[in-house]
Amino acid sequence: MKTMRYALISALFSALLCANETMPVDLQSVLQLGGANNLTIKEFQSKQEEALRDLEKTKEWWLPNIYAGVKTQQLWGAAMNGNGNFYTDVDSDNLWGGVGVKMRLDFAEGIYKTKAAQLSAKAYSYESDAEKNRVLLSCVNAYYDMAFEQLKYGAYKNLAEQSDLLMQQIGLQVEAGLRYQSELLLAKGNHAHLKLEMMNAQSDYGRKSTELVRLLNLKSNIKLSSVENFLLPLDFQAGPGGDDDRAETKAIDTSILSLQEQKKSITKGLWMPELSIDTYASYFGGLSGDVTPVVPNQGSKQLYPTQALNVSLLWNIPLGELLYRSNEERYNAKIQTERVKLQQMKAQINEEVTNATQDIELGKEKIILSKEALNMTEEALSQSIERQKLGTAKPFEVFQVQQFYLQAQLNHLRAISDYNKAQFALKVAKGETL
């Protein structure tokens with residue numbers, strides 16, 4: 001079985017290189033291609049990557065900036081010394097050259113916003129998982145819809161071929177005087193009707209194939225076909241998971257925790273100081289020029305080594321936030337919005353579980369009833385055809401049984417398709433990963 005699957009997947013990728021190629025697919029290959037190629041999944045994976053990069057950025061909060069280079073200051077005219085002495089006819093060119101370190105540590109942002117970014121990245125990861133499950137479920141549904149339309153087309157094609165043989169037999173019987181001309185006309189009309197329905201089914205099959213191609217992000221000139229000649233009902237044992245196991249609820253829960261951490265930066269973090277450090281080592285002095293002070297002093301052209309260290313630990317407490325708490329209330333509103341979304345999501349999940357469970361239970365009964373109807377109409381059609389050959393059955397009786405048999409076939413295929421889709425829907429609704 002595994003060898004067959006690998007051979008099928010190899011055929012899939014080989015077909016991608018060929019124009020107007022029909023690709024055979026099964027459910028396993030659809031899930032693999034969907035997980036690897038779907039553009040919506042790739043979009044959410046990119047968003048998750050952005051969140052991880054944002055997290056890396058927040059981790060830089062404690063690292064200083066290092067600077068190095070030269071600065072010059074040129075002055076013409078007059079200058080005043082710190083002691084109040086004035087210098088006139090100043091013509092100076094000062095140079096500063098060295099390296100330094102600047103550091104600004106906002107403990108509130110560094111501690112709480114880094115933790116918030118970690119939670120935000122985790123929430124994006126859950127959202128990516130949830131979207132991947134939703135997309136893969138869409139791929140499963142599209143696959144079964146395509147398989148149904150493909151088998152429907154095959155059913156009409158088989159009946160049309162059978163109708164053609166029947167029409168030829170009736171034509172011979174008319175020539176022999178055993179049938180009426182009206183019966184031949186009726187046979188031709190029935191044959192034309194079946195061919196028309198076959199063409200409609202072929203068109204529906206093409207549309208479903210195109211939809212699945214879009215979901216799998218394949219080349220537009222590729223046409224897909226199911227390798228299954230008939231559908232079999234699947235029987236999964238869905239786990240006991242609930243709304244707490246869904247990636248959607250985990251994403252919202254984590255988003256709430258992230259907002260709570262951000263809120264701490266303006267509640268607890270309001271009382272945290274900011275540490276600032278600026279230190280450098282350099283050479284500083286005059287390169288050229290002459291200074292004539294009011295109190296005589298000698299100008300200098302020499303560079304002197306200099307070092308400096310400035311350290312501050314300051315509490316910056318905004319009175320507006322203490323009095324009105326506008327930012328705190330803004331975070332409270334955001335958190336409340338997320339909690340409402342969480343309740344809505346849980347209600348939606350309960351609805352999905354209930355609907356899928358109901359569809360599975362009813363699907364079992366539909367499969368049994370449709371199988372019984374299919375067996376009976378198949379036997380009735382076989383007997384009618386034999387009686388028609390013997391001339392004991394009217395053609396319209398055969399045509400009517402053909403319609404009943406065809407409808408029984410389609411009902412059985414639809415019942416299995418819907419049942420299998422409900423099985424996958426229940427798995428997703430209970431938080432299992434496809």
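**Exercise 1. Which residue in β3 is the bridge partner of Gln73?**

Before starting: this is a predicted model, where local features need pLDDT of at least 70 and side-chain atom pairs count only at pLDDT 80 or more, while totals for chains, interfaces and linings use all residues. Residues are numbered from 1 along each chain as its sequence is written, and side-chain values use heavy atoms, with hydrogens and water left out.

Solution. 
- Start with the elements: helices (H or I, at least four residues) and strands (E, at least two) are DSSP runs, numbered from the N terminus.
- Next, the pairing: two strands pair if DSSP finds at least two bridges between them. Here, 15 bridges join β2 (residues 65-80) to β3, and the two run antiparallel.
- Now pick out the partner: Gln73 is bridged to Asn94 in β3.
- Finally, check the turn. The hairpin of β2 and β3 has five residues between the strands, and Gly84 there takes a positive phi near 100°.

**Exercise 2. Find the aromatic pairs in the whole structure, and work out what the Trp96 pair ties together.**

Solution. 
- Set the rule: rings of Phe, Tyr and Trp (its six-membered ring) pair if their centres lie within 6.5 Å; planes under 30 degrees apart are stacked, over 60 edge-to-face, and the rest tilted.
- Run the search over the whole structure and you get two pairs.
- Take Trp96 and Tyr280: they're edge-to-face, at 5.5 Å centre to centre with 70° between the planes.
- Check accessibility, where buried means under 20% relative accessible area, exposed over 50%, and partly exposed in between (1.4 Å probe, protein chains only). Trp96 comes out buried at 10%, whereas Tyr280 is partly exposed at 25%.
- Then there's Tyr143 with Tyr144, an edge-to-face pair at 5.5 Å between centres and 70° between planes. Tyr143 is buried at 0% relative accessible area, and Tyr144 is buried too, at 3%.

**Exercise 3. Which rings have a charged end sitting over them?**

Solution. 
- The test is that NZ of Lys or CZ of Arg must be within 6 Å of the ring centre and within 35 degrees of the ring normal.
- Phe148 has the charged end of Arg414 over its ring, 3.9 Å from the centre.
- Tyr331 has Arg330 over its face, at 5.3 Å from the ring centre.

**Exercise 4. Compare the span of α4 with what you'd expect, then look for a bend.**

Solution. 
- The expected span is 1.5 Å times one less than the number of residues.
- α4 (residues 107-175) has 69 residues, so it should span 102 Å; the end C-alpha atoms are 101 Å apart, which agrees.
- For the bend, take the angle between axes fitted to the seven residues ending at a position and the seven starting there. At Lys113, α4 bends by about 25°.
- Just after the helix, Gly177 takes a positive phi of about 80°.

**Exercise 5. What does the side chain of Ser370 reach, and is Ser370 buried or exposed?**

Solution. 
- Locate Ser370 in α8.
- Its side chain reaches the backbone oxygen of Lys366 at 2.8 Å.
- With a relative accessible area of 8%, Ser370 is buried.

**Exercise 6. How many residues of α2 are buried?**

Solution. 
- Count along α2 (residues 27-37): eight of its 11 residues are buried, so the helix is largely enclosed by the rest of the structure.
- Among them are Leu27, Val30, Leu31 and Gly34.

Terms used: Polar contact = N/O pair within 3.5 Å; in protein donor to acceptor, adjacent residues only side chain to side chain.
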